[in-house]
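Please take a moment to look over the sequence and the model shown below.

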Amino acid sequence: MANVEPFFWWTEEQKAFADRVAQFVEDNVEEAEKYFWKQKFPHNIVKKVAKEGFFGPGVPKKYGGLELGATGSCIAAEQLGRLYAVGHVFTVSMLAGLEQILRFGTEEQMQEWLPSVADGSEWGAVCITEPFAGSDTANIMTTAVKDGDEWILNGKKRMITGAGVADRYFVYAKTSEDPDVFKQRGHISSFVVKKGMPGFTVEKINPLIGFDNVPNGYLDLDNVRVPDFNRVGEVGKGWAVMMAGLNFERLIGSAVMIGGAKDILKILFHYTQRRVQFGRPINRNTNIQFDIADVIRMYKVAKLFTYHTAKLLDDGQEPIVDASIAKMMNTEYMRDIALKAIQICGGDGLTKFLPLERVLRESKIGEIVAGTTEVQKLIIYRFCAMLPEWNVPLKLRWDDEVNAPLVSYRDSKFKDMEINEENLLKVIAHDYKINPGTYMTMDDVRDDIGGSRVKIKQTVESLEQQGLIVTHRDRAGKIGLVKATYTGLARAFPKEYYRWFPSWYEDSDKF
Ligand SMILES: Cc1cc2nc3c(=O)[nH]c(=O)nc-3n(C[C@H](O)[C@H](O)[C@H](O)COP(=O)(O)OP(=O)(O)OC[C@H]3O[C@@H](n4cnc5c(N)ncnc54)[C@H](O)[C@@H]3O)c2cc1C
(Lines give C-alpha, C1' and ligand atoms only; values in the text may rest on other atoms or scores of the structure.)
Protein backbone atom coordinates (compact mmCIF):
# COMPACT_ATOMS: atom_id res chain seq x y z
CA MET A 1 0.00 0.00 0.00
CA ALA A 2 1.38 3.41 -0.99
CA ASN A 3 2.06 5.68 1.92
CA VAL A 4 2.03 9.47 1.76
CA GLU A 5 3.81 11.53 4.41
CA PRO A 6 0.94 13.70 5.74
CA PHE A 7 1.01 17.10 7.42
CA PHE A 8 -0.12 17.07 11.05
CA TRP A 9 -3.14 19.26 10.31
CA TRP A 10 -4.61 16.91 7.70
CA THR A 11 -7.77 15.12 8.78
CA GLU A 12 -7.89 11.32 8.91
CA GLU A 13 -10.05 11.41 5.76
CA GLN A 14 -7.48 13.52 3.95
CA LYS A 15 -4.67 11.18 5.00
CA ALA A 16 -6.57 8.09 3.84
CA PHE A 17 -7.45 9.86 0.57
CA ALA A 18 -3.77 10.68 -0.05
CA ASP A 19 -2.76 7.02 0.40
CA ARG A 20 -5.57 5.90 -1.89
CA VAL A 21 -4.65 8.29 -4.73
CA ALA A 22 -0.94 7.46 -4.36
CA GLN A 23 -1.73 3.76 -4.69
CA PHE A 24 -3.83 4.48 -7.78
CA VAL A 25 -0.89 6.36 -9.28
CA GLU A 26 1.48 3.48 -8.67
CA ASP A 27 -1.00 1.05 -10.21
CA ASN A 28 -1.42 3.20 -13.31
CA VAL A 29 1.96 4.80 -13.89
CA GLU A 30 3.00 2.27 -16.53
CA GLU A 31 -0.15 2.88 -18.57
CA ALA A 32 0.37 6.65 -18.27
CA GLU A 33 3.92 6.26 -19.56
CA LYS A 34 2.59 4.36 -22.56
CA TYR A 35 0.23 7.24 -23.37
CA PHE A 36 3.17 9.65 -23.02
CA TRP A 37 5.29 7.67 -25.46
CA LYS A 38 2.44 7.26 -27.93
CA GLN A 39 1.49 10.94 -27.50
CA LYS A 40 -2.14 10.01 -27.01
CA PHE A 41 -4.55 11.68 -24.62
CA PRO A 42 -5.02 9.22 -21.70
CA HIS A 43 -8.82 8.93 -21.94
CA ASN A 44 -8.82 5.54 -20.25
CA ILE A 45 -6.85 6.61 -17.17
CA VAL A 46 -8.87 9.80 -16.74
CA LYS A 47 -12.04 7.68 -16.81
CA LYS A 48 -10.54 5.48 -14.09
CA VAL A 49 -9.68 8.59 -12.06
CA ALA A 50 -13.32 9.63 -12.38
CA LYS A 51 -14.57 6.18 -11.39
CA GLU A 52 -12.45 6.29 -8.23
CA GLY A 53 -14.11 9.61 -7.33
CA PHE A 54 -10.80 11.49 -7.37
CA PHE A 55 -12.36 14.46 -9.15
CA GLY A 56 -14.50 15.05 -6.08
CA PRO A 57 -12.31 16.30 -3.19
CA GLY A 58 -13.24 19.96 -3.72
CA VAL A 59 -16.98 19.30 -4.06
CA PRO A 60 -19.32 19.24 -1.01
CA LYS A 61 -20.83 15.86 -0.15
CA LYS A 62 -24.39 17.02 -0.87
CA TYR A 63 -23.39 17.44 -4.54
CA GLY A 64 -21.71 14.02 -4.70
CA GLY A 65 -18.20 15.09 -3.73
CA LEU A 66 -15.78 14.02 -1.00
CA GLU A 67 -15.70 17.42 0.74
CA LEU A 68 -11.98 17.37 1.43
CA GLY A 69 -11.50 21.04 0.60
CA ALA A 70 -8.65 22.75 -1.19
CA THR A 71 -6.31 20.46 0.76
CA GLY A 72 -8.01 17.41 -0.76
CA SER A 73 -7.79 18.94 -4.24
CA CYS A 74 -4.06 19.59 -3.72
CA ILE A 75 -3.54 16.01 -2.55
CA ALA A 76 -5.20 14.72 -5.73
CA ALA A 77 -3.26 17.18 -7.93
CA GLU A 78 0.06 16.32 -6.26
CA GLN A 79 -0.41 12.60 -6.79
CA LEU A 80 -2.07 12.70 -10.22
CA GLY A 81 0.66 15.07 -11.43
CA ARG A 82 2.93 12.03 -11.31
CA LEU A 83 0.85 10.63 -14.19
CA TYR A 84 1.84 13.55 -16.43
CA ALA A 85 -1.13 14.41 -18.69
CA VAL A 86 -3.60 13.09 -16.13
CA GLY A 87 -2.49 15.73 -13.63
CA HIS A 88 -3.07 18.49 -16.15
CA VAL A 89 -6.54 17.22 -17.00
CA PHE A 90 -7.46 16.96 -13.33
CA THR A 91 -6.11 20.43 -12.59
CA VAL A 92 -7.84 22.20 -15.42
CA SER A 93 -11.07 20.37 -14.74
CA MET A 94 -11.01 21.60 -11.15
CA LEU A 95 -10.40 25.12 -12.37
CA ALA A 96 -13.18 25.11 -14.89
CA GLY A 97 -15.84 26.46 -12.64
CA LEU A 98 -15.60 24.52 -9.38
CA GLU A 99 -14.53 27.40 -7.15
CA GLN A 100 -16.48 29.90 -9.24
CA ILE A 101 -19.73 27.89 -9.09
CA LEU A 102 -19.29 27.17 -5.37
CA ARG A 103 -18.88 30.86 -4.61
CA PHE A 104 -21.09 32.56 -7.17
CA GLY A 105 -23.48 29.91 -8.49
CA THR A 106 -27.12 29.55 -7.54
CA GLU A 107 -28.38 26.44 -5.74
CA GLU A 108 -29.91 25.23 -9.03
CA GLN A 109 -26.60 25.69 -10.84
CA MET A 110 -24.74 23.79 -8.14
CA GLN A 111 -27.21 20.93 -8.41
CA GLU A 112 -26.89 20.98 -12.19
CA TRP A 113 -23.08 21.03 -12.57
CA LEU A 114 -21.29 20.03 -9.37
CA PRO A 115 -22.25 16.31 -9.46
CA SER A 116 -20.64 16.00 -12.89
CA VAL A 117 -17.52 17.80 -11.62
CA ALA A 118 -17.36 15.38 -8.68
CA ASP A 119 -17.92 12.15 -10.60
CA GLY A 120 -15.69 13.26 -13.47
CA SER A 121 -18.38 12.48 -16.03
CA GLU A 122 -17.75 15.94 -17.50
CA TRP A 123 -14.27 17.36 -17.84
CA GLY A 124 -13.83 21.09 -17.71
CA ALA A 125 -11.77 23.81 -19.35
CA VAL A 126 -11.30 27.43 -18.31
CA CYS A 127 -11.40 30.08 -21.05
CA ILE A 128 -9.92 33.45 -20.13
CA THR A 129 -7.01 34.00 -22.55
CA GLU A 130 -7.56 35.47 -26.02
CA PRO A 131 -5.30 36.40 -28.93
CA PHE A 132 -5.22 40.03 -27.73
CA ALA A 133 -5.54 39.44 -23.98
CA GLY A 134 -2.99 37.36 -22.09
CA SER A 135 -1.74 38.81 -18.80
CA ASP A 136 -4.05 41.77 -19.40
CA THR A 137 -7.18 39.70 -18.80
CA ALA A 138 -9.44 42.74 -18.39
CA ASN A 139 -9.02 43.47 -22.11
CA ILE A 140 -10.79 40.39 -23.45
CA MET A 141 -12.74 41.04 -26.64
CA THR A 142 -15.18 38.13 -26.67
CA THR A 143 -18.68 39.57 -26.26
CA ALA A 144 -21.92 38.31 -24.77
CA VAL A 145 -25.12 40.11 -25.78
CA LYS A 146 -28.47 39.38 -24.13
CA ASP A 147 -31.26 38.17 -26.41
CA GLY A 148 -34.41 37.21 -24.50
CA ASP A 149 -33.54 34.36 -22.15
CA GLU A 150 -30.27 33.72 -23.93
CA TRP A 151 -26.86 35.27 -24.42
CA ILE A 152 -25.15 35.36 -27.80
CA LEU A 153 -21.39 34.85 -27.48
CA ASN A 154 -18.91 35.90 -30.17
CA GLY A 155 -15.12 35.85 -30.08
CA LYS A 156 -12.08 33.64 -29.72
CA LYS A 157 -10.19 32.05 -26.85
CA ARG A 158 -6.67 30.67 -27.05
CA MET A 159 -4.10 28.59 -25.12
CA ILE A 160 -7.04 26.65 -23.68
CA THR A 161 -6.01 23.43 -21.98
CA GLY A 162 -8.33 20.54 -22.70
CA ALA A 163 -9.60 22.14 -25.93
CA GLY A 164 -11.81 19.55 -27.58
CA VAL A 165 -11.57 16.86 -24.91
CA ALA A 166 -13.34 18.94 -22.25
CA ASP A 167 -17.15 18.99 -22.04
CA ARG A 168 -17.72 22.12 -19.92
CA TYR A 169 -16.01 25.43 -20.80
CA PHE A 170 -16.01 28.26 -18.27
CA VAL A 171 -15.97 31.32 -20.55
CA TYR A 172 -15.44 34.98 -19.63
CA ALA A 173 -16.98 37.54 -21.99
CA LYS A 174 -17.59 41.27 -22.15
CA THR A 175 -21.14 42.38 -21.35
CA SER A 176 -20.52 46.14 -21.39
CA GLU A 177 -18.62 48.52 -23.68
CA ASP A 178 -18.95 51.51 -21.30
CA PRO A 179 -15.43 52.86 -20.47
CA ASP A 180 -16.56 53.89 -16.97
CA VAL A 181 -17.88 50.38 -16.32
CA PHE A 182 -14.55 49.03 -17.62
CA LYS A 183 -12.65 51.20 -15.11
CA GLN A 184 -14.70 49.61 -12.30
CA ARG A 185 -14.05 46.14 -13.82
CA GLY A 186 -17.80 45.71 -14.22
CA HIS A 187 -17.63 44.83 -17.93
CA ILE A 188 -17.15 41.04 -17.73
CA SER A 189 -19.58 38.20 -17.04
CA SER A 190 -18.96 34.47 -16.88
CA PHE A 191 -20.76 31.62 -18.62
CA VAL A 192 -20.76 27.85 -18.80
CA VAL A 193 -20.56 26.88 -22.46
CA LYS A 194 -21.06 23.24 -23.37
CA LYS A 195 -19.31 21.22 -26.05
CA GLY A 196 -21.76 20.74 -28.93
CA MET A 197 -23.49 24.12 -28.63
CA PRO A 198 -23.98 25.34 -32.24
CA GLY A 199 -21.27 27.82 -33.31
CA PHE A 200 -18.74 26.62 -30.68
CA THR A 201 -15.74 25.00 -32.39
CA VAL A 202 -12.06 24.13 -31.86
CA GLU A 203 -9.98 26.30 -34.21
CA LYS A 204 -6.44 25.08 -33.68
CA ILE A 205 -4.31 22.88 -31.41
CA ASN A 206 -0.91 24.26 -30.33
CA PRO A 207 2.25 22.22 -30.64
CA LEU A 208 3.98 23.18 -27.37
CA ILE A 209 7.30 22.82 -25.55
CA GLY A 210 5.51 20.43 -23.17
CA PHE A 211 1.96 19.11 -22.63
CA ASP A 212 3.06 16.32 -25.02
CA ASN A 213 -0.25 14.47 -24.94
CA VAL A 214 -2.56 17.20 -23.60
CA PRO A 215 -4.46 19.26 -26.17
CA ASN A 216 -4.13 23.02 -25.78
CA GLY A 217 -5.59 25.33 -28.37
CA TYR A 218 -7.86 27.97 -29.82
CA LEU A 219 -11.66 28.02 -29.58
CA ASP A 220 -14.05 29.95 -31.80
CA LEU A 221 -17.40 31.28 -30.58
CA ASP A 222 -19.57 32.24 -33.52
CA ASN A 223 -23.03 33.39 -32.42
CA VAL A 224 -23.13 30.73 -29.70
CA ARG A 225 -26.49 30.86 -27.92
CA VAL A 226 -26.13 30.20 -24.20
CA PRO A 227 -29.14 30.09 -21.85
CA ASP A 228 -29.22 32.75 -19.13
CA PHE A 229 -29.20 29.84 -16.66
CA ASN A 230 -25.55 29.26 -17.67
CA ARG A 231 -24.45 32.72 -16.52
CA VAL A 232 -22.51 32.30 -13.26
CA GLY A 233 -22.68 35.31 -10.95
CA GLU A 234 -24.47 38.55 -11.66
CA VAL A 235 -24.07 40.37 -14.95
CA GLY A 236 -20.86 42.43 -14.71
CA LYS A 237 -19.45 40.42 -11.79
CA GLY A 238 -17.21 38.26 -13.99
CA TRP A 239 -14.05 39.98 -12.80
CA ALA A 240 -14.77 39.01 -9.19
CA VAL A 241 -15.64 35.47 -10.33
CA MET A 242 -12.35 35.29 -12.24
CA MET A 243 -10.28 36.59 -9.35
CA ALA A 244 -11.92 34.17 -6.91
CA GLY A 245 -11.10 31.29 -9.24
CA LEU A 246 -7.51 32.36 -9.78
CA ASN A 247 -6.36 31.81 -6.16
CA PHE A 248 -7.58 28.23 -6.33
CA GLU A 249 -6.14 27.85 -9.84
CA ARG A 250 -2.69 29.02 -8.78
CA LEU A 251 -2.76 26.78 -5.75
CA ILE A 252 -3.75 23.64 -7.66
CA GLY A 253 -1.25 24.55 -10.39
CA SER A 254 1.48 24.62 -7.77
CA ALA A 255 0.38 21.34 -6.15
CA VAL A 256 0.47 19.41 -9.42
CA MET A 257 4.23 20.03 -9.59
CA ILE A 258 5.16 18.52 -6.22
CA GLY A 259 4.55 14.81 -6.87
CA GLY A 260 6.97 14.88 -9.78
CA ALA A 261 9.68 16.34 -7.53
CA LYS A 262 9.42 13.40 -5.13
CA ASP A 263 9.73 10.97 -8.05
CA ILE A 264 12.82 12.83 -9.25
CA LEU A 265 14.37 12.36 -5.82
CA LYS A 266 13.76 8.62 -6.03
CA ILE A 267 15.46 8.59 -9.44
CA LEU A 268 18.42 10.57 -8.12
CA PHE A 269 19.05 8.31 -5.12
CA HIS A 270 18.69 5.24 -7.31
CA TYR A 271 20.82 6.49 -10.17
CA THR A 272 23.71 7.96 -8.21
CA GLN A 273 24.12 4.80 -6.13
CA ARG A 274 24.51 2.76 -9.32
CA ARG A 275 26.47 5.00 -11.68
CA VAL A 276 30.20 4.39 -11.23
CA GLN A 277 32.81 6.85 -12.52
CA PHE A 278 36.48 7.07 -11.55
CA GLY A 279 36.09 3.82 -9.64
CA ARG A 280 33.29 4.79 -7.27
CA PRO A 281 29.56 5.52 -7.31
CA ILE A 282 29.00 9.17 -8.16
CA ASN A 283 27.00 9.72 -4.96
CA ARG A 284 30.34 9.63 -3.12
CA ASN A 285 31.09 13.06 -4.62
CA THR A 286 30.14 15.84 -2.24
CA ASN A 287 28.81 18.07 -5.01
CA ILE A 288 26.27 15.38 -5.97
CA GLN A 289 25.21 15.02 -2.32
CA PHE A 290 24.88 18.80 -2.03
CA ASP A 291 22.75 19.00 -5.18
CA ILE A 292 20.45 16.23 -3.96
CA ALA A 293 20.19 18.02 -0.60
CA ASP A 294 19.13 21.13 -2.53
CA VAL A 295 16.46 19.15 -4.38
CA ILE A 296 15.16 17.80 -1.05
CA ARG A 297 15.06 21.35 0.37
CA MET A 298 13.09 22.70 -2.59
CA TYR A 299 10.68 19.75 -2.58
CA LYS A 300 9.98 20.11 1.15
CA VAL A 301 9.58 23.90 1.07
CA ALA A 302 7.31 23.73 -1.99
CA LYS A 303 5.13 21.08 -0.37
CA LEU A 304 4.90 22.91 2.94
CA PHE A 305 3.99 26.23 1.38
CA THR A 306 1.41 24.67 -0.94
CA TYR A 307 -0.45 22.95 1.88
CA HIS A 308 -0.14 25.99 4.11
CA THR A 309 -1.92 27.99 1.38
CA ALA A 310 -4.54 25.24 0.96
CA LYS A 311 -5.23 25.41 4.70
CA LEU A 312 -5.76 29.18 4.46
CA LEU A 313 -8.32 28.63 1.68
CA ASP A 314 -10.01 25.87 3.67
CA ASP A 315 -10.19 28.21 6.66
CA GLY A 316 -12.15 30.68 4.53
CA GLN A 317 -9.33 33.15 3.94
CA GLU A 318 -8.43 34.75 0.61
CA PRO A 319 -4.70 33.92 0.29
CA ILE A 320 -3.96 36.05 -2.77
CA VAL A 321 -0.31 36.62 -1.93
CA ASP A 322 0.34 33.09 -0.68
CA ALA A 323 -1.25 31.50 -3.76
CA SER A 324 0.91 33.68 -6.01
CA ILE A 325 4.04 32.81 -4.02
CA ALA A 326 3.22 29.09 -4.14
CA LYS A 327 2.66 29.21 -7.88
CA MET A 328 5.78 31.24 -8.61
CA MET A 329 8.02 29.37 -6.18
CA ASN A 330 6.96 25.86 -7.16
CA THR A 331 7.46 26.46 -10.87
CA GLU A 332 10.88 28.02 -10.30
CA TYR A 333 11.83 25.18 -7.95
CA MET A 334 10.68 22.61 -10.50
CA ARG A 335 12.85 24.25 -13.14
CA ASP A 336 15.87 24.22 -10.79
CA ILE A 337 15.16 20.67 -9.61
CA ALA A 338 14.91 19.45 -13.22
CA LEU A 339 18.13 21.22 -14.20
CA LYS A 340 20.01 19.77 -11.22
CA ALA A 341 18.59 16.29 -11.82
CA ILE A 342 19.57 16.33 -15.49
CA GLN A 343 23.09 17.51 -14.60
CA ILE A 344 23.45 14.77 -11.99
CA CYS A 345 22.36 12.08 -14.46
CA GLY A 346 24.61 13.43 -17.23
CA GLY A 347 23.78 12.23 -20.75
CA ASP A 348 21.15 9.82 -19.44
CA GLY A 349 19.34 12.82 -17.90
CA LEU A 350 18.96 14.37 -21.32
CA THR A 351 17.26 11.35 -22.86
CA LYS A 352 13.53 10.82 -22.76
CA PHE A 353 14.16 7.41 -21.16
CA LEU A 354 14.35 9.11 -17.78
CA PRO A 355 11.35 11.28 -16.83
CA LEU A 356 13.52 14.34 -16.19
CA GLU A 357 13.68 16.40 -19.39
CA ARG A 358 9.90 16.55 -19.52
CA VAL A 359 9.84 18.13 -16.06
CA LEU A 360 12.14 20.87 -17.30
CA ARG A 361 9.80 21.53 -20.24
CA GLU A 362 6.71 21.50 -18.02
CA SER A 363 8.31 23.89 -15.53
CA LYS A 364 8.80 26.42 -18.32
CA ILE A 365 5.09 26.18 -19.05
CA GLY A 366 4.49 26.63 -15.34
CA GLU A 367 6.31 29.95 -15.43
CA ILE A 368 3.80 31.27 -17.98
CA VAL A 369 0.48 29.49 -17.47
CA ALA A 370 -2.12 30.89 -15.00
CA GLY A 371 -0.33 34.24 -14.79
CA THR A 372 3.36 34.58 -15.62
CA THR A 373 6.02 34.80 -12.92
CA GLU A 374 6.18 38.55 -13.55
CA VAL A 375 2.43 38.86 -13.00
CA GLN A 376 2.75 36.89 -9.72
CA LYS A 377 5.45 39.33 -8.61
CA LEU A 378 3.18 42.28 -9.47
CA ILE A 379 0.37 40.74 -7.41
CA ILE A 380 2.65 40.00 -4.45
CA TYR A 381 4.16 43.49 -4.46
CA ARG A 382 0.89 45.38 -4.97
CA PHE A 383 -1.09 43.51 -2.33
CA CYS A 384 1.68 43.67 0.25
CA ALA A 385 2.24 47.36 -0.48
CA MET A 386 -1.44 47.94 0.39
CA LEU A 387 -1.39 45.98 3.65
CA PRO A 388 -1.22 48.26 6.71
CA GLU A 389 0.90 45.79 8.71
CA TRP A 390 3.61 45.90 6.05
CA ASN A 391 3.59 49.67 6.01
CA VAL A 392 4.37 50.55 9.61
CA PRO A 393 7.66 52.39 9.10
CA LEU A 394 10.70 51.10 10.94
CA LYS A 395 11.74 54.42 12.52
CA LEU A 396 15.21 55.54 13.41
CA ARG A 397 15.37 58.00 16.33
CA TRP A 398 18.46 59.95 17.30
CA ASP A 399 19.92 58.80 20.62
CA ASP A 400 22.14 61.35 22.37
CA GLU A 401 23.68 58.78 24.72
CA VAL A 402 25.28 56.72 21.95
CA ASN A 403 25.24 59.64 19.51
CA ALA A 404 23.71 57.52 16.73
CA PRO A 405 20.33 56.77 15.15
CA LEU A 406 18.63 53.73 16.74
CA VAL A 407 15.67 51.65 15.60
CA SER A 408 12.96 52.82 17.98
CA TYR A 409 9.22 52.89 18.50
CA ARG A 410 9.31 55.89 20.86
CA ASP A 411 7.76 59.24 19.93
CA SER A 412 9.80 61.88 18.19
CA LYS A 413 11.24 64.65 20.37
CA PHE A 414 9.05 67.05 18.37
CA LYS A 415 5.82 65.26 19.28
CA ASP A 416 2.93 67.61 20.15
CA MET A 417 4.93 70.80 19.54
CA GLU A 418 2.98 73.66 18.06
CA ILE A 419 2.68 73.38 14.27
CA ASN A 420 4.38 76.48 12.95
CA GLU A 421 7.01 77.06 10.26
CA GLU A 422 9.96 77.00 12.64
CA ASN A 423 9.02 73.71 14.30
CA LEU A 424 7.95 71.97 11.12
CA LEU A 425 11.18 72.93 9.39
CA LYS A 426 13.07 71.52 12.39
CA VAL A 427 11.19 68.20 12.05
CA ILE A 428 12.08 67.96 8.38
CA ALA A 429 15.69 69.12 8.84
CA HIS A 430 16.20 66.75 11.80
CA ASP A 431 15.19 63.90 9.49
CA TYR A 432 18.18 64.84 7.28
CA LYS A 433 20.49 64.14 10.24
CA ILE A 434 19.06 60.60 10.46
CA ASN A 435 18.00 59.80 6.87
CA PRO A 436 20.11 62.10 4.70
CA GLY A 437 19.20 60.42 1.39
CA THR A 438 15.44 59.93 1.69
CA TYR A 439 12.35 62.09 1.80
CA MET A 440 9.67 62.05 4.52
CA THR A 441 6.10 61.16 3.69
CA MET A 442 3.43 63.52 4.97
CA ASP A 443 2.45 60.72 7.37
CA ASP A 444 6.03 60.62 8.70
CA VAL A 445 5.86 64.37 9.36
CA ARG A 446 2.55 64.04 11.14
CA ASP A 447 3.79 61.04 13.08
CA ASP A 448 6.73 63.14 14.33
CA ILE A 449 4.87 66.30 15.32
CA GLY A 450 1.22 65.21 15.62
CA GLY A 451 -1.71 67.62 15.23
CA SER A 452 -3.84 68.75 12.34
CA ARG A 453 -3.09 67.39 8.85
CA VAL A 454 -4.59 70.52 7.29
CA LYS A 455 -2.29 72.76 9.33
CA ILE A 456 0.73 70.62 8.45
CA LYS A 457 -0.18 70.80 4.75
CA GLN A 458 -0.59 74.59 4.82
CA THR A 459 2.71 75.04 6.67
CA VAL A 460 4.53 72.69 4.28
CA GLU A 461 3.19 74.69 1.30
CA SER A 462 4.42 77.89 2.87
CA LEU A 463 7.90 76.41 3.55
CA GLU A 464 8.01 75.20 -0.04
CA GLN A 465 7.17 78.67 -1.38
CA GLN A 466 10.08 80.08 0.64
CA GLY A 467 12.48 77.51 -0.85
CA LEU A 468 13.15 75.91 2.55
CA ILE A 469 11.83 72.51 1.56
CA VAL A 470 11.12 70.60 -1.68
CA THR A 471 8.10 68.40 -2.24
CA HIS A 472 7.13 65.54 -4.50
CA ARG A 473 3.54 65.55 -5.67
CA ASP A 474 1.46 62.71 -7.13
CA ARG A 475 -0.36 62.92 -10.48
CA ALA A 476 -3.31 64.67 -8.83
CA GLY A 477 -0.97 67.34 -7.40
CA LYS A 478 -1.20 66.06 -3.82
CA ILE A 479 1.99 66.42 -1.75
CA GLY A 480 3.47 62.98 -1.10
CA LEU A 481 7.08 63.54 -0.01
CA VAL A 482 9.03 66.41 1.59
CA LYS A 483 12.68 67.17 2.21
CA ALA A 484 14.64 70.18 3.49
CA THR A 485 16.70 72.18 0.98
CA TYR A 486 20.26 73.21 1.90
CA THR A 487 18.85 76.64 2.77
CA GLY A 488 16.21 75.01 4.93
CA LEU A 489 18.83 72.89 6.74
CA ALA A 490 20.91 75.97 7.49
CA ARG A 491 17.82 77.87 8.71
CA ALA A 492 16.66 75.04 11.03
CA PHE A 493 19.84 74.22 12.94
CA PRO A 494 23.47 75.32 13.20
CA LYS A 495 25.97 73.36 11.08
CA GLU A 496 27.27 71.54 14.18
CA TYR A 497 23.89 69.83 14.52
CA TYR A 498 24.46 67.75 11.39
CA ARG A 499 28.16 66.92 11.94
CA TRP A 500 29.08 63.43 13.07
CA PHE A 501 32.45 61.65 13.26
CA PRO A 502 33.50 58.21 14.47
CA SER A 503 35.67 58.19 17.61
CA TRP A 504 38.81 57.18 15.67
CA TYR A 505 38.57 60.23 13.40
CA GLU A 506 41.34 62.69 14.31
CA ASP A 507 40.31 66.16 15.54
CA SER A 508 43.11 67.53 13.42
CA ASP A 509 41.38 66.20 10.29
CA LYS A 510 38.09 67.95 11.05
CA PHE A 511 37.67 71.26 9.32
C1 LIG B 1 0.47 25.47 -21.70
C2 LIG B 1 -0.46 26.60 -21.42
C3 LIG B 1 -1.74 26.33 -20.98
C4 LIG B 1 -2.65 27.37 -20.77
N5 LIG B 1 -3.93 27.07 -20.42
C6 LIG B 1 -4.84 28.07 -20.32
C7 LIG B 1 -6.22 27.77 -20.07
O8 LIG B 1 -6.59 26.61 -19.89
N9 LIG B 1 -7.10 28.79 -20.06
C10 LIG B 1 -6.73 30.09 -20.24
O11 LIG B 1 -7.57 30.96 -20.21
N12 LIG B 1 -5.42 30.41 -20.49
C13 LIG B 1 -4.49 29.44 -20.53
N14 LIG B 1 -3.18 29.73 -20.79
C15 LIG B 1 -2.81 31.12 -21.02
C16 LIG B 1 -1.93 31.72 -19.96
O17 LIG B 1 -2.68 31.99 -18.80
C18 LIG B 1 -1.26 32.94 -20.59
O19 LIG B 1 -0.35 32.44 -21.54
C20 LIG B 1 -0.55 33.79 -19.57
O21 LIG B 1 -1.47 34.42 -18.72
C22 LIG B 1 0.32 34.86 -20.24
O23 LIG B 1 -0.32 35.51 -21.31
P24 LIG B 1 0.42 35.61 -22.73
O25 LIG B 1 0.93 34.28 -23.08
O26 LIG B 1 -0.52 36.27 -23.66
O27 LIG B 1 1.67 36.55 -22.46
P28 LIG B 1 1.67 38.15 -22.39
O29 LIG B 1 0.63 38.63 -21.47
O30 LIG B 1 1.65 38.69 -23.77
O31 LIG B 1 3.07 38.43 -21.73
C32 LIG B 1 4.28 38.46 -22.50
C33 LIG B 1 5.42 38.82 -21.55
O34 LIG B 1 5.20 40.13 -21.01
C35 LIG B 1 5.23 40.09 -19.59
N36 LIG B 1 4.29 41.06 -19.04
C37 LIG B 1 3.02 41.29 -19.45
N38 LIG B 1 2.46 42.25 -18.72
C39 LIG B 1 3.40 42.65 -17.82
C40 LIG B 1 3.42 43.62 -16.78
N41 LIG B 1 2.36 44.40 -16.51
N42 LIG B 1 4.54 43.76 -16.04
C43 LIG B 1 5.62 42.98 -16.30
N44 LIG B 1 5.66 42.05 -17.28
C45 LIG B 1 4.56 41.88 -18.02
C46 LIG B 1 4.84 38.66 -19.23
O47 LIG B 1 5.30 38.30 -17.93
C48 LIG B 1 5.52 37.89 -20.34
O49 LIG B 1 6.87 37.67 -20.02
C50 LIG B 1 -2.25 28.71 -20.97
C51 LIG B 1 -0.94 28.97 -21.36
C52 LIG B 1 -0.05 27.95 -21.58
C53 LIG B 1 1.35 28.27 -22.02
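This is a predicted model: local features need pLDDT of at least 70, side-chain atom pairs count only at pLDDT 80 or more; totals for chains, interfaces and linings use all residues.

Residues are numbered from 1 along each chain as its sequence is written, and side-chain values use heavy atoms, with hydrogens and water left out. Helices (H or I, at least four residues) and strands (E, at least two) are DSSP runs, numbered from the N terminus.

Helix α4 itself covers residues 85-95, and eleven of its eleven residues are buried, where buried means under 20% relative accessible area, exposed means over 50%, and partly exposed lies in between, with a 1.4 Å probe and protein chains only. Among these buried residues are A85, H88, F90 and L95.

Two packed helices are described by the angle between their axes and the distance between the axes. Axes here are lines fitted to C-alpha atoms, for helices over the stretch in contact, and angles run from 0 to 180 degrees between N-to-C directions. Helix α4 packs with α8 at an angle of about 165 degrees, their axes being 10 Å apart, and α4 and α8 are therefore roughly antiparallel to each other, a term for angles over 145 degrees. The crossing of α4 and α8 is right-handed, whereas that of α8 and α9 is left-handed; a crossing is left-handed if the near helix is turned anticlockwise from the far one by less than a right angle, and right-handed if clockwise. As for this second pair, the axes of α8 (residues 238-274) and α9 (residues 286-314) come within 9 Å and cross at roughly 155 degrees, which makes α8 roughly antiparallel to α9.

Side chains of opposite charge can pair when their charged atoms come close. A salt bridge is counted when a side-chain nitrogen of Lys or Arg lies within 4 Å of a carboxyl oxygen of Asp or Glu, and by this rule the model has 43 salt bridges. One of them joins the side chains of E122 and K194, at 3.0 Å from N to O. E122 lies in the loop between α6 (107-118) and β1 (124-127) and K194 in strand β5 (residues 188-194), so the pair ties together parts that are 72 residues apart in sequence. Both E122 and K194 are buried.

How far apart are the closest N and O atoms of R361 and E357, which form a salt bridge? The distance is 2.7 Å, and R361 and E357 are separated by about one helical turn because they are four residues apart in helix α11 (residues 357-366). R361 and E357 are both buried. In another salt bridge, E367 meets K364, with the closest N and O atoms 3.4 Å apart; here E367 is buried, at a relative accessible area of 9%, but K364 is partly exposed, at 40%. Elsewhere, salt bridges that share partners join E26, R82, D263 and K266 into one network.

T201 is in strand β6 (residues 200-205) and counts as partly exposed at 42% relative accessibility. Its C-alpha atom and that of D220, a residue 19 places away along the chain, are separated by 5.3 Å. V407 lies in strand β12 (residues 404-407) and, at 53% relative accessibility, counts as exposed.

Methods. Angles under 35 degrees count as roughly parallel, over 145 as roughly antiparallel, 65 to 115 as roughly perpendicular and the rest as oblique.
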